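Trainee: I would like to learn how to read helix packing. Can we work through a case together?

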Amino acid sequence: MNGPSFLLIGLTLGGALGSLPVSAAVSPLQGDDQAALLADDLRFAESLAVSRFYDIADEVASNTAASIERLAKDNVELAGDASLVKARIAKRRSEATSDTEARLAALTEAITELKDWSTPGSDYAYLDRMVDALEDLAGALRERGTVLASKAATGDATARADADRDFKEADEAYKALYKEAGDRAAQLEGDNNPDAAEAMTARSNTTYYLRGLNAVEWADVASDRDFRLEEAIDLLDEFMWEVSEDTLIYYSALYEQGRALAKLGEMDDARDILENVLELGEPAFWEYVGQGEYPPALERVIAGLFDSVWGYLALLDADEGQLAAASARIDAMLAEHESKGVAMGRDGHRVLLDWAEKLNGLGKTSDATNFAQRVAEEGGSTPEGGRAQRLLSEWVSGGAVTLSSPDALMYAASGYYTEKKYGDAAFFYQRAAALLSTPEERAEMAFNAWMGAGRSHQRSGRQLEAAIAYEEALTTADELHSGDINKLEPAALLMYQAYAGRYTESQNAFDKRLRDAASQRIQQMGLELDVQFQKAEETFGECTEDDVACFLAALAEFEAVPESSSNYERSIVYAARCLDAAGRTDDALARYGIMEERANDSTLEPTNDATRNKREIALAQARYYHAGVLLREEVARPQEALAILEDFEAAVPSQDSFHPRAKWQRVVAHAMAGDDHVEQAEAALQMLIEDVGEDQPSFISSGAFRVANALKTASDSAAAAGDLTASRDLQKRAADAMWIYVEASGFTSFVNMLTTGEWYLLAGEPATAERIFSKALEVHGDSNKLRESDIDNAKMGLARAYDRQQDFARARVEWKQLLATNPRSVSIRLGAARSLGGWLEVDDSGQVIEIPGAGDYQEAHVIWVGLYKDNRGSSKYTSTWWQSKLGTIDSWYRQRAADPEKARQARQLLDQLRLLLPNYDEDTMEGLAEDLRYEPLYKPLFRYLERKLPAN
């Protein structure tokens, strides 16, 4: 090769991290062929994502990760690789969608995976791949910040704050990457591996560049904008001191420095730097593009850099009123691509869209539309393609331009649909269909136009208009795509469903005739089996919960669907549901098993997208409803449910409506499976929360409640086994889960709010308990649905939380108020006496310590004496009896400094107790019920007072 050397170091200018070799630092165990195969599967999954087969990539990665868990669970490196690959698949998916929210969701998925990976103390924290994980994490955070910053530009204040947070976290991740890579380089140097050490040092130094790039983007949403830009310039300067001028990344750093200067208003300096990139970089790199000197991936990176520079200079020219010069730069850029035969990538498309918006702002909307239409066509489902579609729809709706080409109308319609403006979308889809004049245009776009119109109408709730549009799509498919089941069947079924939906809404005889006519037409087209399935489905939908005869009738209809039907597998699932609804649980489980057998039969593997989609629908429904039966209390077979739910999302990636439900079922199954599954239950709950967010709180509240109770049971088990440390930890986690339930359910359950506070107190978290009890009183304190005793319970919880923090001043106020309104309540008197006069407790080392209380010892003494008198009879030896005996002596003991007589009285009472109850009732406890044997808890406290009080 004649060109100079180049250095990418995991960087592409579009913001996407380059693919790093999976298991680069992992050597499968000697002779472990299984581990080697699993590592290869992970490489395959990432290669699928590179080729844009995201759903299959997800499935392969998830299945492989599950296999690693089963077959190589001790190979932490391999498990770490699986986690990184899954994050990278999500990151790549984000780069190939035009839907902003979907892009953010994919990035969030990647970030969540990577944060789990790189958090100190994680399973992978000590692995060599930490450098990779931190680089991926920082890049994903920066990318999400960039997307949010775009939303912020429209005035979205929340997006601005979120973007600022992401850029900040990215900067922190880059700093961690710098240190991690530097430490790793030193280690490699010490291992006498200088080449690897040099490469790792380069990665460490590259963080200066990456932090600089991050700071340039950060400035747009930061409150300290100029500081960020100046920081970017300094960081990029630092980087360029370390890297050779013969590398591509050196010129990338110059470009970013030019952008920072321009944003600071230093236009002359910015222009000088950008022109310098072209003067020195074009002959060094661009000259060799299109000549076979570089691999295609690198050519795209080089093109992205120079497109960005040409585009930025064009915008600077336009801002200075030099529109002709700016246009010439854009034209020259397009000519360069054409002459070299190099397709324009995402960076080039971004430049064209920036230029289009500039032209539109200058009143040249017609020219702007041409550029936007080009990007919409070439960009497809990329973020830039989506942006182009949205611009077209915006300019059309604003009246700035009238679109007359079907292509442009289709792009505009798609933009409206993405923005959920379904009425406008339907109009432009239909307008596009009406303007198709040639057979070629109709063959290319008519079907999609009518289907788009139908979906848009349906989204708007206009079933009749949707049905008519679908019928036009069916006619088009029949005329122009005869025999293409992938077009005929979806159009036919959507048409029938829309007509049926219209009839369901209206119950009008005319609409019933339209539905029946649609059914007849489908039968005439040879699709009668699908209609038969639809009729069975309709019968099923008419059944009420206890109508066994109706479900059995629907069962007969589903069983009549022959195996040749493309909906046969769905009919199996419905048949199982009918059997279950009729009370034949075992038969239902067996029928679900038939669906699993078919899914595992390689000879029945779907052969096209249409049948594959129906397989996924059937499999998703089968596994969800099958697991639901197994998780019923009367069946209670959670392990079998977990087996069915394993890799649910990967097995049915297109059925995303079932994904949250499957995640919820996994939470339930783990919570039901016993103490050994509580950690899995917590992890499953976290996954559910991350998946559904605030959109489906019922799933979260239900799952969190089950996890909380499972953790509480495990905590009680640990306490019974004598492991108090584990018990307290589990108790705290149970409280955390219960609070998730409380929040997700909208604070509606006062009782569970109090339970959460109590659990935090048991876990030794009084400050958190205080906040919970305060929140309960804030939300429900004025409720007329609660008894006064319920409110008092919350106030007692708050007072005890103050006590545990030794905030006796605030506790005293609460207990005094409670005593005033409840002078005979045993629980209030116990709590007040302890708080007012202090108490004794045994710490973790076994030492008795004195908790001071509010210092109202005499008032506490009066309360203790009253409690003792009330418990002398049948209540003897209860916890309250023991506490009152101890409290009476202790409250006198605490007054000894002010009144020595109190110490004598305390000792006298203690001696009497010893005479009446030798060894503090060890001898007399034999005949007591187990729940009354409190002596072991109080004996060390009496012994402590014995030592402290002088003998009389």
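Mentor: Start with handedness. H33 and H34 pass each other in a left-handed crossing. Keep in mind that this is a predicted model.

Trainee: What describes two packed helices?

Mentor: The angle between their axes and the distance between the axes. Here, helix H33 (residues 750–762) packs on helix H34 (residues 766–780) at about 165°, and the axes are 7 Å apart. H33 is therefore roughly antiparallel to H34, since angles over 145 degrees count that way.

Trainee: Which residues of H33 and H34 meet?

Mentor: From H33, Phe750, Met753, Leu754, Thr756, Gly757, Glu758, Tyr760 and Leu761. From H34, Pro766, Thr768, Ala769, Ile772, Phe773, Lys775, Ala776 and His780. Sorted by class, this contact holds 10 nonpolar, four polar and two charged residues.

Trainee: Now another pair. At what angle do the axes of H35 and H36 cross?

Mentor: At roughly 155°. The axes of helix H35 (residues 788–804) and helix H36 (residues 808–821) come within 8 Å. So H35 runs roughly antiparallel to H36. Their crossing is left-handed.

Trainee: Which residues make the contact, and how do they divide by class?

Mentor: H35 brings Asp792, Lys795, Met796, Leu798, Ala799, Arg800, Tyr802 and Asp803. H36 brings Phe808, Arg810, Ala811, Glu814, Trp815 and Leu818. The division is eight nonpolar, no polar and six charged.

Trainee: Which residues of H16 are buried?

Mentor: Pro406, Ala408, Leu409, Met410, Tyr411, Ala412, Ala413, Gly415 and Tyr416.

Trainee: Last, the whole chain. How many helices and strands does the chain have?

Mentor: There are 41 helices and two strands. Of the 952 residues, 51% count as buried. Take the contacts with a separation of 6 or more: 62% of them join residues 24 or more positions apart.

Terms used. Residues are numbered from 1 along each chain as its sequence is written. This is a predicted model: local features need pLDDT of at least 70, side-chain atom pairs count only at pLDDT 80 or more; totals for chains, interfaces and linings use all residues. Side-chain values use heavy atoms; hydrogens and water are left out. Axes are lines fitted to C-alpha atoms, for helices over the stretch in contact, and angles run from 0 to 180 degrees between N-to-C directions. Helices (H or I, at least four residues) and strands (E, at least two) are DSSP runs, numbered from the N terminus. Angles under 35 degrees count as roughly parallel, over 145 as roughly antiparallel, 65 to 115 as roughly perpendicular and the rest as oblique. A crossing is left-handed if the near helix is turned anticlockwise from the far one by less than a right angle, and right-handed if clockwise. Contact means heavy atoms within 4.5 Å. Ala, Val, Leu, Ile, Met, Phe, Trp, Tyr, Cys and Pro count as nonpolar, Asp, Glu, Lys and Arg as charged, and the others, Gly among them, as polar. Buried means under 20% relative accessible area, exposed over 50%, partly exposed in between (1.4 Å probe, protein chains only).
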